[in-house]
Amino acid sequence: ESGYIAPDPRDPMIVYAGSYGGEITRYDHRNGQIQNVTPWPLNPIGSGAADQKYRFQWTEPIVFSPHDAHTLYFAAQVLFKTTDQGMHWSIISPDLTRNDPAKQVPSGGPITKDNTGIEVYGTIFSVVESPLKKDMIWAGSDDGLIHLTTDGGKSWSNVTPKTMPEWGTVSMIESSPHDAGAAYVAVERHRLDDSAPYIFKTADSGKTWTSIAAGIPAGAYVHSVREDLKRKGLLYAGTEKGVFISFDDGANWQTLQLNLPVSPVNDLAVHGKDLIAATHGRAFWILDDLSPLQQHHQQNAEEDVHLFTPSPASRTIFSGFGSGSAGQNPPPGAVIYYSLKSALKDQDKKEEGKKPADSNAPKAQPITLEILDAKGQVVRKFPAKSQAPEADSDEGFGRRPQASGPPKEAGLNRFVWDLRYEPSSRVPHSPLWAGSTDGPVALAGNYQVRLAVQGKAYSTSLEIQADSRVQASQQDMEKQFDLLLKIRERITQTHDAVNQIRDIRSQITALNARLENDPHGKAVAEAGKQLDKKMTEVEEALIQTKARSGQDVLNYPIRLNNQLVALGGVVGSADSAPTQASYDVFDMLSKQLDEQLAKWKHILAVDVPEFNNVVRKQEVPAVILTKEGL
């Protein structure tokens, strides 16, 4: 069982952890070995705190210096420092606690003592070195003192707030990432039957302090406080009753629970664009994107629409059939936030003078969202253009659902763009193997988000960052993207032709049904049969007409459409320039497709008009009675 853990900044395979009686261990994940590097390896089991040379509590701080990855701090009642992975330790402070002997007697006495090595009081409970100023170190004790050194421990000053109640545990000190002289302190006294929240801040290196807990309710005593890395004065507090937020440097607090269960939040960390919470229930929760909080101002609530600038999106492609994560991953892609003062409703697109009976008039979209590239060209638009809904479930492996349109609810809305360009067209009830109709993933670079609400447009920038793990050059990525775009267009041409063939066939079938008992029907049916024969020849070259489920293609070979889709899966399988073989196969498939499309164009130009002429000559009546009238 351990308290603090600290990964080595130079080597993530090395982790330091604390445990009973002042133990600090160095774990090497490569070989599984755990080395005990405690500063004073004299086992304290059975002894009271007064008999121990150094007093360590269970969650003794283990902290790496943000300025020197070789420097590691470890706290008892004094502060230890090592620069050689715990092989040698030096003491860089005096006793920074009240050192009250009355609180150092054996635990459980006098009848039955229970000294496991952690029943210790009068220790340094929180340590932090300023991220902005080297050797500026804050230390807070579990018996209510705060000390500061600005010279790496040569001299220390007691900077405990005068208004802070005595004997409170200094649960956490947060040194501001924006101002070296600013710090925030979370103090809790629930073991003294005081469950009030206490947070203090200083802007002058501890010379003066201000209490800043207004808005946090009684009983929600504070374990942790953090300042946002981007916005100065944006604070997060972890309390006994959940997470709270302040937009005004602690002057006012409000709850930030959302779907987080009400539970003690012992620690918080701002990591990149996310807020991470550690609960007493031994769980980790992550608020995936802080951008709307970082950009929030009171006037936002008064605006009809407010579009927030998205955090940079990572062009990271995860392959495989599932995630190895035990928790829920954040949505992949660009997360776009906007707020609406009022909920939106669909409205009929009615021009002035249009008859109400025209129920087929298209509906105007009250909200649309577009993604534009650096040249100002629209690469994706939502809501998406209409596709047959049944086609969505016919895709092959790896298809990720993309929301059809931006939400229209009052308040804060979130929409996730999966970073893909517009998809190719689809064919209903047509399974695909080894690929999908998804568009290619956008290249790293600068884009624009354009939100239109009730005809009024709002725009903001969007950055897509390259995957730092990928070694492919921008030129290679552009080659891959260009080929994927060409494949997408060829798939669209193929599917459009198939859908067109099937639409014409359905019209012929419907016409034959109408003329089943009509003397004109025989000539029309024969002409339709000849046309369908020519169309079927092209259709069967474009698509496997016998495939109805994903397993059917194991028996009936895939055709041009699926061969193009599968080639797209090959080209997009990793971030790399396409192989020469991929170009060769694309050229071969393109030539085969051109042959079939040429046939189809000829059918459209010659055979379809000929069929229409046959129907016209038969003078097919517009209305046919299917049964005798009354």
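Accessible areas here come from the Shrake-Rupley method with a 1.4 Å probe, and for residues only the protein chains shown count as cover. On that basis the accessible surface of the protein chain comes to about 32900 Å², with 52% of it belonging to carbon and sulfur atoms. Please keep in mind that this is a predicted model, in which local features need pLDDT of at least 70, side-chain atom pairs count only at pLDDT 80 or more, and totals for chains, interfaces and linings use all residues. Residues are numbered from 1 along each chain as its sequence is written, and side-chain values use heavy atoms, leaving out hydrogens and water.

**The chain as a whole**

The protein chain holds five helices and 33 strands; helices (H or I, at least four residues) and strands (E, at least two) are DSSP runs, numbered from the N terminus. Its radius of gyration, taken over C-alpha atoms, is 35 Å, well over the 25 Å that the globule rule (2.2 Å times the number of residues to the power 0.38) gives for 630 residues, so the chain is more spread out than a compact globule. Along its principal axes the C-alpha trace spans about 115 × 60 × 50 Å. Buried residues (under 20% relative accessible area, with exposed over 50% and partly exposed in between, using a 1.4 Å probe and protein chains only) make up 45% of the 630 residues.

Let us turn to the start of the chain, where strands count as paired if DSSP finds at least two bridges between them.

| Strand pair | Sense | Bridges | Residues in the hairpin link |
|---|---|---|---|
| β1 (residues 5-8) and β2 (residues 11-18) | antiparallel | four bridges | two residues |
| β2 and β3 (residues 24-28) | antiparallel | five bridges | five residues |

A17 of β2 is the bridge partner of I5, and A17 also has T25 in β3 as a bridge partner. In the turn between β2 and β3, G21 has a positive phi of about 55 degrees.

A577 lies in the loop between α4 (560-571) and α5. With 23% relative accessibility, A577 counts as partly exposed. Leaving aside residues up to four places away in sequence, A577 touches D476 and K479, where contact means heavy atoms within 4.5 Å. The C-alpha atoms of A577 and A472 are separated by 7.7 Å, although these residues are 105 residues apart along the chain.

Helix α5 itself has 38 residues (residues 580-617), which at 1.5 Å a residue should span 56 Å; its end C-alpha atoms are 55 Å apart, in agreement. The expected span is 1.5 Å times one less than the number of residues. At I603, α5 bends by about 40 degrees, the bend being the angle between axes fitted to the seven residues ending there and the seven starting there. After α5 comes E619, whose phi is positive, near 50 degrees.
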